[in-house]
Amino acid sequence: MTTTATPNGRGRKAPTIFDVAERAGVSHQTVSRVINGDPTVREQFRTKVTDAVAALGYRPRAAARALAGGRSRALGLVSAGDALYGPSSTAIGFERAARTAGYHVLLSTLPDDPKPLDLSEALSTLLAQDVAAVVLVAADNRVLDALASLTLPVTVPVVVANAVQRDALPTDLVVPGSGGATISAVAIDQAAGATLALQHLFDLGHRRIVHIAGPTVSQEAEVRRATYERIMRTRGLTPVVYEGDWTPASGFAAGRAMDAATVDAVFAGNDQMALGVLHAFAEEGLRVPDDIAVIGFDDVPEAAHFTPPLTTVRQDFQAMGERVLASARALLEGGLHDDALLQPELVVRRSA
């Protein structure tokens with residue numbers, strides 16, 4: 001008999017599907033059909049069951065629901081485990097979209113260290129819990145390297161989020177014993193975002209534009225930097241790059257190292273580094289945007305409240321999460337997958 005703890009220390013029986021059926025005045029088969037979303041159940045019975053579920057606090061076991069529906073409603077999520085805004089927002093957006101669609105997400109994180117990554121343990125943990133598909137948040141090039149060298153049999157579809165360099169993905173995940181798993185990628189167009197930022201600065205008359213790049217292990221940083229360098233050279237201008245690591249401290253250091261007489265605009269690889277630049281310029285007595293314009297990337301919630309409010313490139317991570325889920329379902333159900341890159345947008349504020 002299953003019991004649950006109560007505040008006074010006593011145990012009480014957890015409500016079962018039969019308790020719900022008795023309270024609703026229907027069969028337990030009807031309760032099961034309502035829980036699993038059967039559209040043929042009459043509305044009057046559906047209402048009785050949902051009311052009984054709410055009144056009793058009944059929570060159907062995920063495993064039982066999977067057996068009833070013939071397919072697991074669990075999705076695995078592998079994340080690097082860091083607190084960077086982009087990857088964490090992607091993971092949150094996906095989890096919310098999955099929950100809305102009736103799935104639950106199981107999380108497995110990768111170690112946050114400079115060593116080569118091994119996906120085997122994280123994937124083994126999720127596969128042992130009978131996930132229907134796996135989502136891999138791959139903001140780090142090492143994740144793609146680990147995926148390409150994976151020897152663990154993978155028996156479910158894999159969707160790689162934030163994989164902006166799609167040619168680095170294996171064409172499939174058919175490894176010995178895999179049963180033919182498939183792979184797809186979802187990403188936001190980083191080159192388009194960098195182009196938006198630079199075009200805005202050009203339109204304002206800026207030409208001496210420097211870039212603060214993110215870490216070399218980041219796919220997104222690599223694309224933003226390459227786009228900056230290409231566009232500057234195309235216009236006959238000399239690219240100047242400062243190395244950063246996504247943190248405000250690295251942006252601050254870059255800002256302090258700049259010669260204000262040779263710079264009229266800064267394209268920071270993310271908003272946190274832009275914040276550090278604004279701090280450095282304030283200490284140097286430089287006015288933004290009168291002396292030097294600053295533009296960021298991501299549109300973190302705090303960007304609108306920087307001093308001055310930050311012009312930046314917005315990435316829609318909720319839309320990203322919804323696209324990731326749609327891709328996973330397409331692989332599971334044999335539907336069409338929209339593989340077009342999601343488009344970012346420019347958010348103009350006072351810093352540029």
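Reader: Buried means under 20% relative accessible area, exposed over 50%, and partly exposed in between, with a 1.4 Å probe and protein chains only. Where does that put phenylalanine 267, buried or exposed?

Author: Phenylalanine 267 is buried, since its relative accessible area is 0%. This is a predicted model, where local features need pLDDT of at least 70, side-chain atom pairs need 80 or more, and totals for chains, interfaces and linings use all residues. Numbering runs from 1 along each chain as its sequence is written, and side-chain values use heavy atoms, without hydrogens and water.

Reader: Noted. Aromatics next. How many aromatic pairs does the count come to?

Author: Two aromatic pairs. Rings of Phe, Tyr and Trp (its six-membered ring) pair with centres within 6.5 Å; planes under 30 degrees apart are stacked, over 60 edge-to-face, the rest tilted.

Reader: Start with tyrosine 85 and phenylalanine 317. How far apart are the ring centres, and at what angle are the planes?

Author: The centres of tyrosine 85 and phenylalanine 317 are 5.6 Å apart and the planes stand at 85°, so this pair is edge-to-face.

Reader: Which parts does that pair tie together?

Author: Helix H5 and helix H12. Tyrosine 85 sits in H5 (residues 85–100) and phenylalanine 317 in H12 (residues 317–333), so parts 232 residues apart in sequence are tied together. Helices (H or I, at least four residues) and strands (E, at least two) are DSSP runs, numbered from the N terminus.

Reader: What about accessibility? Is phenylalanine 317 buried or exposed?

Author: Phenylalanine 317 counts as buried, at 6% relative accessibility. Tyrosine 85 is partly exposed, with a relative accessible area of 23%.

Reader: And how do the rings of phenylalanine 267 and phenylalanine 297 sit?

Author: Their centres are 6.5 Å apart and their planes are at 40°, so the pair of phenylalanine 267 and phenylalanine 297 is tilted. This pair links distant parts of the chain, 30 residues apart. Phenylalanine 267 is in strand E10 (residues 265–268), while phenylalanine 297 is in the loop between strand E11 (293–295) and strand E12 (312–314). Phenylalanine 297 is buried, with a relative accessible area of 0%.

Reader: Switching to charges. How many salt bridges are there?

Author: The count comes to 14 salt bridges. The rule asks for a side-chain nitrogen of Lys or Arg within 4 Å of a carboxyl oxygen of Asp or Glu.

Reader: Give me one inside a helix. What separates arginine 99 and glutamate 95?

Author: About one helical turn, because arginine 99 and glutamate 95 are four residues apart in helix H5. The closest N and O atoms of arginine 99 and glutamate 95 are 2.8 Å apart. Glutamate 95 is partly exposed, at 27% relative accessibility.

Reader: Which residue forms a salt bridge with glutamate 243?

Author: Arginine 225, with the closest N and O atoms 2.8 Å apart. That bridge links distant parts of the chain: glutamate 243 is in strand E9 (residues 240–243) and arginine 225 in helix H9 (residues 219–234), 18 residues apart. Arginine 225 is partly exposed, with a relative accessible area of 23%.

Reader: Which residues do shared partners join into one network?

Author: Asp299, Arg314, Glu345 and Arg349.

Reader: Peptide bonds, then. Is the one from valine 288 to proline 289 cis or trans?

Author: Cis, with omega near 10°. Proline 289 is in the loop between helix H11 (271–284) and E11. A cis peptide bond also joins threonine 307 and proline 308, with omega about -5°. Proline 308 lies in the loop between E11 and E12.

Reader: Last one. Where is the place of proline 153?

Author: In the loop between helix H7 (141–148) and strand E6 (158–161). Proline 153 is partly exposed, with a relative accessible area of 36%. Its C-alpha atom is 9.5 Å from that of leucine 123, 30 residues apart along the chain.
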